[in-house]
Amino acid sequence: MGKKERLNRTEMLIGTEALDVLGNSHVAVFGIGGVGGSVVEALARAGIGKLTLVDKDIVDESNINRQVIATYDTIGMDKIEVAKKNVLSICPECTVDVYKQFVLPEQFGDIGDFSRFDYVIDAIDNVSGKIAIIVAAKDAGVPVISAMGAGNKMDPEKFSIDDISKTKVCPLAKIMRKKIRDLGIKDVAALYSTEEPIKTGSKTPGSMSYIPPLAGLMIGGYVIQDLIKRNMTRTIE
């Protein structure tokens with residue numbers, strides 16, 4: 001089976017031109033964990049042509065309950081390398097660049113100019129890193145979506161995507177809203193949950209098998225549709 005056979009059902013829904021849009025798109029994913037790993041898989045299966053993956057972590061046994069890249073066979077491996085291997089096994093023609101590093105404001109030099117990306121996805125946990133990703137994307141004029149908290153949540157029906165200024169309930173979203181507002185940044189999409197976080201008595205967030213992947217697939221779907229909308233509209237004009 002070739003590329004055509006693999007993507008024929010996708011093409012039935014979106015058409016050849018939109019499929020070409022995805023094939024010509026370059027998406028950066030920061031954080032290849034429970035959310036980010038499923039984002040990457042959704043993008044690869046849709047035929048995204050180029051991916052840049054950023055993460056310094058390795059697969060740990062505690063990741064297995066929720067991260068698509070985590071199995072007993074991948075424990076101890078770099079998450080970005082596992083994700084890259086998975087992408088190429090799904091979409092061999094995809095170009096995958098990897099950066100093994102934590103996402104901190106002072107470490108963006110190696111990643112380079114964000115203007116080469118068509119979309120930026122923030123799926124990390126660190127607030128300063130999340131802000132730095134959003135600022136870099138906005139400075140480059142690239143659309144960005146940021147994942148809010150998926151830990152200590154159980155209800156899949158409480159997740160949605162909206163402008164970050166309209167988020168509510170989520171503690172992480174509250175912090176991010178203020179920082180983004182103080183910076184004068186607008187038009188940042190965010191995935192968040194209106195479910196009150198479940199109190200577990202632990203500083204480490206609890207997690208359920210289906211919640212981070214659900215969040216990742218929602219982000220992947222949003223980005224895929226937005227890429228098509230932005231580029232098809234531009235083509236029509």
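This is a short talk on the aromatic pairs in this structure, with a note on one helix residue.

The model is predicted, so to speak of local features I need pLDDT of at least 70, side-chain atom pairs count only at pLDDT 80 or more, and totals for chains, interfaces and linings use all residues. Residues are numbered from 1 along each chain as its sequence is written, and side-chain values use heavy atoms, with hydrogens and water left out.

A search of the whole structure gives two aromatic pairs. Rings of Phe, Tyr and Trp (its six-membered ring) pair if their centres lie within 6.5 Å; planes under 30 degrees apart are stacked, over 60 edge-to-face, and the rest tilted.

Take Phe 30 and Phe 114. Their ring centres are 5.6 Å apart and the planes are at 20°, so this pair is stacked. Phe 30 sits in strand E1 (residues 26-30), and Phe 114 in the loop between strand E3 (95-99) and strand E4 (119-122), 84 residues apart. Helices (H or I, at least four residues) and strands (E, at least two) are DSSP runs, numbered from the N terminus.

Phe 114 also pairs with Phe 117, edge-to-face, at 5.4 Å centre to centre and 70° between the planes.

Lastly, Ile 175, in helix H5 (residues 171-182). At 43% relative accessibility, Ile 175 is partly exposed. Its C-alpha atom is 8.2 Å from that of Val 127, 48 residues apart along the chain.

Technical notes. Buried < 20%, exposed > 50% of the residue type's maximum accessible area, 1.4 Å probe, protein only.
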